[in-house]
Amino acid sequence: MGFTYTINVPATSANIGPGFDVMGLSLSLYLTVTAIITEAPSSPGATNIAIQYEGANSSGLSLDPRANLITRTALYVLKCNGYNDFPQPTTVLVNNRIPLGRGLGSSGAAVVAGVLLANAVGNLGLTQHRMLDYCLMIEHHPDNVAAALVGGFVASYLIEVDRSKGDVPESEADERKLRERKAVERDASIALPPDNIGSFLRLGCSPMIKAITIIPQFELATSKARAALPGTYKTQDVIFNLQRLAVLTTALGRETPDPWLIYRAMEDKVHQPYRMHLIPGLPEILATFNPDNTPGLLGICLSGAGPTILALAVDNFDEIAAKIRSVFDRQPNGGIATEYKVLDIVTEGSTCVKTES
Ligand SMILES: Nc1ncnc2c1ncn2[C@@H]1O[C@H](COP(=O)(O)OP(=O)(O)OP(=O)(O)O)[C@@H](O)[C@H]1O
Ligand SMILES: N[C@@H](CCO)C(=O)O
């Protein structure tokens, strides 16, 4: 007799234009991790994990449990809670539908899956807020992980902390803190997440809105897209984004979305202008399509760090996708191949279901 845990984590689109490192939308495209646990005795010194992977761009991914982002995250969370390895031999089957390095939150989803996996196999009983703390120790911006964890249209912020020092909980009032304190006593190198380092709020999003994602067939590492950003900003550019972000938080939740209000509210001067050179076609796409010449369109932006384009729309989804794809098709040297998906904005976040096998 053993157990199976099935973990589902949605893809996410971060920023939504002006909400750099703040906003995220969870989308109907999933990373599924199935953990099959047998009750055989554990082998000391081994991680107790065997990974199998199928899905998006599998060639570059490591199946070494200490290197793979999902299991590396799970091992970190377990270590903070007193386990050196997985408690029982576990086969981890990964089925990943989220394209890697395209701006659809594949790394955030892997981190969330790893935290949920540790919570399940270690029977840790972590709250959603504590799980977010752990996610934020790995992925340092909250937009993707908060939306992936809780689902929907999510705003989040971080409390600034020095993650390298970690935190020893002050109170031994609850079981979780006691367990973490013991783990730190055994291994002082553990960087335990401080409590409540991230906060989130779910915002309204009209069910009429769908997310059209146009996905170029090249990867853009988030680290490279972040390295393109300046160290300082002009005051008027920051104000430009704050004005739009404030409107966007409410505009998407209106029952009948106002296309031009949303279109203008999805403009950005903080990250997209600096990433234009990394995504051929982006300047033309942002300058060309609007609710007047593209019926059904609400707004258009870079999804996360790119290169995927996110178009929010209420109608004519395939036609809108075709127009945007044609810009990529026309790029020099034979164009840039793309695929597209019309996705729902899902209100349910990550789930973990246990079954006996
Ligand atoms: N399912 C997965 N299993 C293991 N590693 C993964 C998985 N998904 C993503 N990764 C790791 O994350 C990397 C991609 O992360 P990156 O932050 O560059 O892009 P992204 O998360 O897809 O985009 P964005 O953060 O802009 O939404 C991959 O190259 C891989 O190392
Ligand atoms: N806010 C992040 C999202 C990508 O993970 C960025 O744009 O760099």
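The legends below describe close-up views of a predicted model.

Residue numbers start from 1 along each chain as its sequence is written, while chains are lettered from A and ligands numbered from 1 in the order in which they are written. Because the model is predicted, local features need pLDDT of at least 70 and side-chain atom pairs count only at pLDDT 80 or more, whereas totals for chains, interfaces and linings use all residues.

**View 1**
The domain assignment of the protein gives domain 1 (3-199) and domain 2 (204-344), with bounds that come from an automatic or database domain assignment. The centres of the two domains, taken over C-alpha atoms, are separated by 28 Å. To their contact domain 1 contributes 25 residues and domain 2 contributes 32 residues, two residues being in contact if their C-beta atoms, placed from the backbone, lie within 7 Å. On the side of domain 1 that touches domain 2, the elements giving two or more residues are strand 1 (3-14), strand 2 (23-37) and strand 5 (153-158); here helices (H or I, at least four residues) and strands (E, at least two) are DSSP runs, numbered from the N terminus. Strand 2 provides the largest share of that side, 4 residues. By class, the residues on this side of domain 1 are 13 nonpolar, 11 polar and 1 charged, where Ala, Val, Leu, Ile, Met, Phe, Trp, Tyr, Cys and Pro count as nonpolar, Asp, Glu, Lys and Arg as charged, and the others, Gly among them, as polar.

**View 1. The surroundings of ligand 1.**
Ligand 1 is surrounded by 23 residues, of which the closest are Ser106, Ser107, Thr222, Gly304 and Ala305; a residue is near a molecule or strand if its C-beta atom, placed from the backbone, lies within 6 Å of it. Two or more residues of this shell come from each of helix 1 (69-80), strand 4 (90-96) and helix 2 (106-121), and helix 2 gives the most, with 4 residues. The shell around ligand 1 divides into 11 nonpolar, 11 polar and 1 charged residues, and draws at least three residues from each of domain 1 and domain 2.

**View 2. The surroundings of ligand 2.**
The shell around ligand 2 holds 13 residues, with Ala14, Asp21, Thr222, Gly304 and Ala305 the closest. Helix 4 (142-150) and helix 6 (222-227) each supply at least two residues of this shell, the largest share, 3 residues, coming from helix 6. In terms of class, 4 residues of the shell around ligand 2 are nonpolar, 6 are polar and 3 are charged. Ligand 2 lies between domain 1 and domain 2, because both give residues to its shell.

An open sheet of 4 strands, paired in the antiparallel sense, has the order 8-9-7-10, two strands being paired if DSSP finds at least two bridges between them. Strand 8 and strand 10 (338-344) stand at the edges with a single partner strand each, so one side of each is left without a neighbour in the sheet. Neighbouring strands are turned by 20° against each other on average, direction ignored. Within the sheet, strand 7 (residues 210-216) and strand 9 pair over 5 antiparallel bridges, and Lys210 has Ala313 in strand 9 as its bridge partner. Helix 11 packs on the sheet, where it touches strand 7, strand 8, strand 9 and strand 10, and its direction makes about 25° with that of strand 7; axes are lines fitted to C-alpha atoms, for helices over the stretch in contact, and angles run from 0 to 180 degrees between N-to-C directions.

**View 3. Strand 11 beside strand 1.**
Strand 1 and strand 11 run antiparallel and are joined by 6 bridges, with Cys352 in strand 11 as the bridge partner of Ile7. Strand 11 (residues 351-356) is hardly covered, the count of buried residues among its 6 residues being 0; a residue is buried if 20 or more other C-beta atoms lie within 10 Å of its own, exposed if 12 or fewer, and partly exposed in between, with C-beta atoms placed from the backbone.

Most residues other than glycine have a negative phi, and most peptide bonds are trans. In the loop between strand 1 and strand 2, Ile16 has a positive phi near 50°, and this residue is buried, with 31 other C-beta atoms within 10 Å. Asn316, in the loop between strand 9 and helix 11 (317-329), has a positive phi of about 55° although it is not a glycine, and Asn316 is partly exposed, with 15 other C-beta atoms within 10 Å. The peptide bond from Gly306 to Pro307 is cis, with omega near 5°, and Pro307 is found in the loop between strand 8 (297-302) and strand 9 (309-313).
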